[in-house]
Structures are given as C-alpha cells and as structure tokens.
Amino acid sequence: QVQLVESGGGLVQAGGSLRLSCAGSGVIFSISTVGWYRQAPGKQRELVAGIISGGYTYADSVKGRFTISRDNAENTLYLQMNSLKPDDTSVYYCNVHFRQFYYWGQGTQVTVSA
C-alpha cells in the first residue's frame, strides 16, 4: 500500500512562508522521481518543483522563492515556500514516480491573502 500524506498548508499573508511536507510509505523516495505540483481553479496542474535524476527543477514563477528538498532517512519530501504571493494560492500535490507507476497525495490547500 502506497500512501503519500501532505501537510503544512494553510492561510498566510502575502510575503509570508509555509513549509509543506509529504510523508511517504510503500515507496522509496531516494530511488524515485519526486516533485510538487499545484492546481488552481480553472487552471491545469503544473509542476512547481522536482528532483529528477539527482537534478533540481523549478517552475519559472517560483524560482528564488521555493526550495524542494528530500530527507531520505525519513522518506519525506519538503517544499519551503517563501515570499508567497496571492498567485501561489492553489492546492499543492506531492507526486512520486517509480518505474511505470505514478503516485499522488490528496493535496494540501495553500491560500495567500493580499
């Protein structure tokens, strides 16, 4: 049984920070491609940040503000979000890709007020 459980979302003012966590079980993050996606109402789901083959990638809209990291010992993925903007408001999803399998968490809501 694979489970991805996101936490850390909430309501913050513009300029504030949040740290999202994704705790995994049944799949090993260290040998998988991992990432954070977000989907706002009326928009397509987009990749926010990812760790792919040892490299880090970020959407242009979050570069310099968001940082993705992975704690292999705890099998947990993090997304540190600083200098948050109202446009960052979205549901954020943890994703893990191993072989032909894709796993998704249920998402955590991030709301940034002006």
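**Strands and aromatic pairs in a predicted model**

The protein has eleven strands and zero helices, where helices (H or I, at least four residues) and strands (E, at least two) are DSSP runs numbered from the N terminus. The model is predicted, with local features requiring pLDDT of at least 70, side-chain atom pairs counting only at pLDDT 80 or more, and totals for chains, interfaces and linings using all residues. Residues are numbered from 1 along each chain as its sequence is written, and side-chain values use heavy atoms, leaving out hydrogens and water.

The C-alpha atoms fill a box of roughly 40 × 25 × 25 Å along the principal axes. Of the 114 residues, 38% count as buried; here buried means under 20% relative accessible area, exposed over 50%, and partly exposed in between (1.4 Å probe, protein chains only).

Turning to the aromatic residues, rings of Phe, Tyr and Trp (its six-membered ring) pair if their centres lie within 6.5 Å, with planes under 30 degrees apart counted as stacked, over 60 as edge-to-face and the rest as tilted. By this rule there are three aromatic pairs. The ring centres of Tyr 93 and Trp 104 are 6.4 Å apart and their planes lie at 85°, so this pair is edge-to-face. Tyr 93 belongs to strand β9 (residues 90–98) and Trp 104 to strand β10 (residues 101–104), eleven residues apart. Tyr 93 is buried at 14% relative accessibility, whereas Trp 104, at 35%, is partly exposed. Together with Tyr 37, Tyr 93 and Trp 104 form one aromatic cluster.

Phe 101 and Tyr 103 make a stacked pair, 6.2 Å centre to centre with 25° between the planes. Phe 101 is partly exposed at 39% relative accessible area, and Tyr 103 is partly exposed at 22%.
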